[in-house]
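Student: Hey, can we go through the side-chain contacts in this one together? I'm new to it.
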Amino acid sequence: MDEKYMKIALELAKKGEGRVNPNPLVGAVIVKDNKIIGEGYHEYYGGPHAEINAFSSAKENVEGSTMYVTLEPCCHYGKTPPCVNAIIKNNIKKVVVGMFDPNAKVAGNGIEILREHGIEVITGVLEKQSRELNEIFIKYITTKSPFVVMKYAMTLDGKIAAYTGDSKWITGEKAREEVHRLRNKVSGIMVGIGTVFQDNPSLTCRTHGGRSPKRIIVDSNLRIPLNSNVINIKDETLTIVATTKKASQEKIQLLEDKGAEVLIVEDIDGRVNLQALMKRLGEMGVDSILLEGGSTLNYSAIEQGIVDKVQAYIAPKLIGGQSAKTPIGGKGKALMSESINLQNITFKTFDEDILIEGYVK
């Protein structure tokens, strides 16, 4: 029975995707006499937490009820008061928790406070699902560095574009819709200057009701054209151009005049140090990044160890071509024993396309 109600809370939590970053996704359900009498989720950053929204929606007196919540209730003052106070005040009898809060300000203290007030607390119900839901939050709150998803689409023979550079479209419409849902979920989308030259992308989210993530361009020599789509889009989303000390002050000023933010990042052999860039972006509140770069940036990201998760969309197409680019370029590994392996692999299908997901060990 506990799993039944926790599943409902998890589905509620997902409704906050793209609106609560860098806060966690949280859902809460209040049950009394085997009937749901209140439910809520964290709807937007700075707004009431899931527990408070569940209390606000309650159809009857919640005293003596059981609350199911996907994440340990908070016990500190942030943008809102502690949720444990509201749980105690409302005389909740039992709290069922999906996972402990990895935030050092909570980290088990919320559960301890509830137990000290005589409230029964059960933990670890659908914990795996709760952690998967908040993998972004877990990485960011413990490291202050963004959770990075490297996404690419390729043909069955491993090409991300034809030898002419044409890449539209490798996958079908349903797979592309899924990518836009992920764009809505993350805080930033990152490409290299090569992708800007080749595709002139807009890097927006086209999901109905979604919001576009920050656009991040890695451009070590600041070659980005001033007429690029990412520089000239008129919306509320910030475009960030990460470069090195080699960049000209004149070009920096021209980009800033157009509303872009230019980050001067330390370099490795003249190229942007991606680990240093992740630290800077984390300090700016960017908790997650969808890396949609070309083969050069993808190789650098893998080599510098910033990638947490890989999403490979595979289309049942063959195009060949010795010069046609593959998802990860660079020098590559000399031996199979040096390969970077993935774990916790899952598979999904979108019409004829296959999505393989895995986590970098």
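Tutor: Let's talk about charged pairs first, then rings. Keep in mind that this is a predicted model, where local features need pLDDT of at least 70, side-chain atom pairs count only at pLDDT 80 or more, and totals for chains, interfaces and linings use all residues. Residues are numbered from 1 along each chain as its sequence is written, and side-chain values use heavy atoms, with hydrogens and water left out.

Student: Okay, how many salt bridges are there in the whole structure?
Tutor: A search turns up 14 salt bridges. The term means a side-chain nitrogen of Lys or Arg within 4 Å of a carboxyl oxygen of Asp or Glu. One of them joins Lys139 and Asp308, at 2.8 Å from N to O.

Student: Where do Lys139 and Asp308 lie?
Tutor: Lys139 is in helix α6 and Asp308 is in the loop between α12 and β14, so the pair ties together parts 169 residues apart in sequence. Helices (H or I, at least four residues) and strands (E, at least two) are DSSP runs, numbered from the N terminus.

Student: Are Lys139 and Asp308 buried or exposed?
Tutor: Both are buried. Buried means under 20% relative accessible area, exposed means over 50%, and partly exposed is in between (1.4 Å probe, protein chains only).

Student: Switching topic: how many aromatic pairs does the structure hold?
Tutor: Two. Rings of Phe, Tyr and Trp (its six-membered ring) pair if their centres lie within 6.5 Å; planes under 30 degrees apart count as stacked, over 60 as edge-to-face, and the rest as tilted. Tyr5 and Tyr68 make a tilted pair, 5.2 Å centre to centre with 40° between the planes.

Student: And which parts do Tyr5 and Tyr68 tie together?
Tutor: Tyr5 is in helix α1 and Tyr68 in strand β3, 63 residues apart in sequence. Tyr5 is buried at 3% relative accessibility, and Tyr68 is buried at 4%.

Student: Last one: what sits over the ring of Trp169?
Tutor: The charged end of Arg176 does, 4.5 Å from the ring centre. Lys168 also has its charged end over that ring of Trp169, at 5.2 Å from the centre. "Over" here requires NZ of Lys or CZ of Arg within 6 Å of the ring centre and within 35 degrees of the ring normal.
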